[in-house]
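Please report on this protein for someone who has not seen it before.

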Amino acid sequence: IRLIVQKYLDPFKVHTTTISNFIQKQLKNVIPLLGNGNYKFLHKVEVLMHFGVLWKKMEPKSPDYLFLKVYKLFSELRSYTLDRGIFAEALELCSKDSFKSALAFWDYMEDNFYIDEHSAVGCISEYYLETKKNDEECFVFWGFDFMSGLQIDFVKSLGEKAKVFIPFPRK
């Protein structure tokens, strides 16, 4: 990291933030381009709350641990695709009918113009690929042991317009 900072960054111009805050800041540039919907970003805890209420309406007799399994499946699949058709096809491969509730979670997000972190990353990726401006900015994303497909696409699109570094641990 020290070598990256010495070569590419002015230490007095470095701004430290979390990936979540960075995404929310970038999303403010993107939301006006999405159309007429009243879009709202939901943090993970807010998504869980909304889905919990929806789950209790859809599956009132199902145990709570099953809700967490369905949410985890929703989140994991969504971290790889924002295509509803592919998402639905992947759910068809699941043997349990209760996992089909994850598709209802997807529709709920779309119908209410909610944007979760996965959707935000996808929108921002598209924005960076389509925008004409080139930034002289440099981004260092630190602390990742693993990146999902959407996160990799995000970093690649950002890298088209700015310098991006992601140091990974050797072990």
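Along the sequence, the elements follow the pattern α-α-β-α-α-α-α-β-α-β-α-β. That gives eight helices and four strands. The model is predicted. The protein has 171 residues, and 38% of them are buried. Its accessible surface comes to about 11300 Å². Carbon and sulfur atoms hold 55% of that surface. Contacts that join residues 24 or more positions apart account for 70% of the contacts with a separation of 6 or more.

**Helix pairs**

Two packed helices are described by the angle between their axes and the distance between the axes.

| Helix pair | Angle between axes | Axis distance | Crossing |
|---|---|---|---|
| α2 and α7 | about 55° | 9 Å | left-handed |
| α4 and α5 | roughly 135° | within 10 Å | right-handed |
| α5 and α6 | roughly 165° | within 9 Å | right-handed |

Start with α2 and α7. Helix α2 covers residues 19-30, and helix α7 covers residues 117-130. Their axes pack at an angle of about 55°, so α2 and α7 are oblique to each other. From α2, the contact takes in Ser20, Ile23, Gln26, Leu27, Asn29 and Val30. They meet Glu117, Ala120, Val121, Cys123, Ile124, Tyr127 and Tyr128 of α7. By class, the residues of this contact are nine nonpolar, three polar and one charged.

Next come α4 and α5. Their axes cross at roughly 135°, and α4 and α5 are therefore oblique to each other. On the α4 side, the contact is made by Leu73, Phe74, Leu77 and Arg78. On the α5 side, Phe87, Ala90 and Leu91 take part. The contact of α4 with α5 has six nonpolar residues, one charged residue and no polar ones.

Helix α5 also packs on α6. The axes of α5 and α6 cross at roughly 165°, so these two helices are roughly antiparallel to each other. Arg84, Phe87, Ala88 and Leu91 of α5 make the contact with Ala102, Leu103, Trp106 and Asp107 of α6. Six residues of the contact of α5 with α6 are nonpolar, two are charged and none is polar.

**Inside helix α6**

Which residues of helix α6 are buried? Helix α6 spans residues 101-111, and its buried residues are Ser101, Ala102, Leu103, Phe105, Trp106 and Met109.

Most residues other than glycine have a negative phi. Phe113 has a positive phi of about 60°, although it is not a glycine. Where is Phe113 found? Phe113 lies in the loop between α6 and β2, just after α6. Its relative accessibility is 33%, so Phe113 counts as partly exposed. Not counting residues up to four places away in sequence, Phe113 touches Gly37, Asn38, Tyr39 and Lys40. Phe41 is 72 residues away from Phe113 in sequence. In space, the two are 8.7 Å apart, C-alpha to C-alpha.

**Ser79, between two helices**

Is Ser79 buried or exposed? At 9% relative accessibility, against a cut-off of 20%, Ser79 counts as buried. Ser79 is found in the loop between α4 and α5. What does Ser79 touch, not counting residues up to four places away in sequence? Ser79 touches His118, Ser148, Gly149 and Leu150.

**Putting it together**

Helix α5 packs against α4 and against α6. The loop between α6 and β2 holds Phe113, which has a positive phi of about 60°.

How values were computed: Residues numbered from 1 in each chain as written. Predicted model: local features only at pLDDT ≥ 70, side-chain atom pairs only at ≥ 80, totals over all residues. Heavy atoms only, no water. Buried < 20%, exposed > 50% of the residue type's maximum accessible area, 1.4 Å probe, protein only. Axes fitted to C-alpha atoms, helices over the stretch in contact; angles between N-to-C directions. Parallel < 35°, antiparallel > 145°, perpendicular 65-115°, else oblique. Left-handed = near helix turned anticlockwise from the far one by under 90°. Contact = heavy atoms within 4.5 Å. Nonpolar A, V, L, I, M, F, W, Y, C, P; charged D, E, K, R; others polar. Areas by Shrake-Rupley, 256 points an atom, 1.4 Å probe, with all protein chains shown as cover.
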